[in-house]
Structures are given as C-alpha cells and as structure tokens.
Amino acid sequence: MNPLTPLVLKPLPYAPSALEPVLSSDQVRTHHEQFGTGYIKRANALLARGGPQGVDALPEDERLRFQFEWNGAVLHELFWASLTPGGAEPTPEFTQRVLGGPAGAAEIRSDLITAGVGIMGSGWAAISVRPREGVFVHAVSSHNYPWGSGCRPLILIDCWEHSYVFDYLAQRRVYLDRLTALIDWRVAEQRLREAGR
Ligand SMILES: [Fe+2]
C-alpha cells in the first residue's frame with residue numbers, strides 16, 4: 001500500500017437527522033464528523049511525514065498505524081453510503097440472482113446481524129464479494145478489512161461501540177436489528193457491478 005493522495009471527509013449522503021429514529025442526529029453527527037475527521041487527519045499526517053515516497057518511507061509501526069487510520073477513513077465512507085433513510089429494497093434481479101430469493105434476502109440480513117453481534121471487541125459486519133467465493137457475510141476485526149485477498153465490500157456495518165453508544169448504550173444487537181433495516185441494497189448491487197460480478 002502506498003497511497004500518495006491526502007484523504008478528505010466526504011459529506012454524508014443525507015442529513016444527520018435523516019436516519020432518525022434509528023440513529024439520532026447527535027449520534028450520526030458525532031460519529032461522522034469527529035471520528036471521520038480523526039482518522040483522516042491522522043492518516044494525512046502520516047502520509048505527509050512519508051514525503052514523496054509516501055508511506056513506504058515510514059518505519060513499520062507508522063506504516064501499520066497509517067493502515068489503521070486509512071482503513072478507518074475508507075470503511076466509514078463505505079458505511080455511511082451503505083445506508084439510506086428508510087432503507088431501499090434490492091431489485092428483483094439482485095434478490096433472485098445474488099440472494100437466492102426473498103428468503104435469502106432475509107437470511108443474509110440475519111447473518112449480518114449475527115456476524116456483528118459475534119465480534120469480540122471492535123470491528124465491522126460485512127457483506128462482501130471475493131473471486132471464487134462469490135457473495136458472503138463475514139466479520140472484520142478492528143479495521144482489518146481483507147482487501148489483499150481481492151475481497152470487496154458490498155455492505156459495511158460499523159460495530160464499534162462509538163457507532164451506537166449514545167443511542168443504544170451497550171445493546172449492539174438492538175442497534176444492528178434496527179440499523180440493518182436502513183441498508184441501501186441498490187448500493188450493494190452497484191458495488192457488485194463495480195466488482196465485475
Ligand atoms: Fe465508526
């Protein structure tokens with residue numbers, strides 16, 4: 001990994017209040033602005049320290065730190081865009097071909113919740129596509145998304161406590177039950193197309 005371009009915080013694709021009552025405006029704004037800005041600032045500072053050679057010029061501990069911050073920024077951007085106010089249903093074609101019909105659509109959502117609940121510590125619940133495996137559900141520990149294996153996210157759900165603690169305290173399952181109703185399945189379909197599937 002040797003990115004040379006500084007990151008910028010993308011605005012939310014909807015108003016901070018638009019995910020209410022599932023997520024409060026305060027929860028969304030704090031999460032997006034404070035955490036998003038933090039990852040980006042720290043990633044960019046490390047990038048600048050690397051100079052013209054980028055992060056490859058940094059010592060190993062700083063390269064690992066950069067990876068954490070850069071992933072933090074990128075995964076959050078993908079997370080916010082995985083949601084839409086009220087949720088958006090998958091197309092019949094996507095439901096049938098990728099999810100195996102309406103029962104499969106309910107099952108993948110349930111698997112996503114189970115993956116998120118099962119994370120020890122902090123991480124992400126993901127629906128991804130990978131060559132040979134096709135579409136699958138998995139948990140991501142910390143920010144360690146397996147980009148290197150050709151894995152590409154279709155849907156990412158933040159399961160770090162900071163993403164729900166204001167609204168749900170420690171009730172991660174309740175947060176996931178409610179939040180997964182806001183998934184924008186059209187985005188999953190678009191990302192699958194971009195992954196060439
Ligand atoms: Fe987060």
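Predicted model: local features only at pLDDT ≥ 70, side-chain atom pairs only at ≥ 80, totals over all residues.
I looked up the domain contact first: 13 residues of domain 1 are in contact with 12 residues of domain 2. Contact here requires C-beta atoms, placed from the backbone, within 7 Å. Numbering starts from 1 along each chain as its sequence is written.

**Entry: the side of domain 1 that touches domain 2**

I checked which elements supply this side. Helix 1 (25-50) and helix 2 (60-81) each give two or more residues. Helices (H or I, at least four residues) and strands (E, at least two) are DSSP runs, numbered from the N terminus. Helix 2 gives the most, with seven residues. By class I found six nonpolar, six polar and one charged residues. Nonpolar means Ala, Val, Leu, Ile, Met, Phe, Trp, Tyr, Cys and Pro; charged means Asp, Glu, Lys and Arg; the others, Gly among them, are polar.

**Entry: domain bounds**

I then read off the assignment: domain 1 spans 24-81 and domain 2 spans 92-194. These bounds come from an automatic or database domain assignment. Their C-alpha centres lie 21 Å apart.

**Entry: the core**

I looked up the largest nonpolar core and found 47 residues. Such a core is a set of buried Ala, Val, Leu, Ile, Met, Phe, Trp, Tyr and Cys residues joined through C-beta atoms within 7 Å. Buried means 20 or more other C-beta atoms within 10 Å of the residue's own, these atoms being placed from the backbone. Among the residues with the most contacts inside the core are Ala43, Leu112 and Trp124. Helix 2 gives the most to this core, with seven residues. The core draws at least three residues from each domain.

Leaving out residues up to four places away in sequence, Trp124 touches Leu75, Val140, Leu156, Ile157, Asp158 and Cys159.

**Entry: strand 3**

I checked burial in strand 3: seven of its seven residues are buried. Strand 1 and strand 3 run antiparallel, joined by six bridges. Val129 has Arg152 in strand 3 as its bridge partner.

**Entry: helix 6**

I listed the buried residues of helix 6: Arg172, Tyr175, Leu176 and Leu179. Down the helix axis they fall within an arc of 95 degrees, so they line one face of helix 6. The arc is taken over directions from the helix axis to the C-beta atoms. These buried residues pack against helix 4, strand 3 and helix 5 (165-168).

Notes
Contact = placed C-beta atoms within 7 Å. Buried ≥ 20, exposed ≤ 12 C-beta atoms within 10 Å, placed from the backbone. Pairing = 2+ DSSP bridges.
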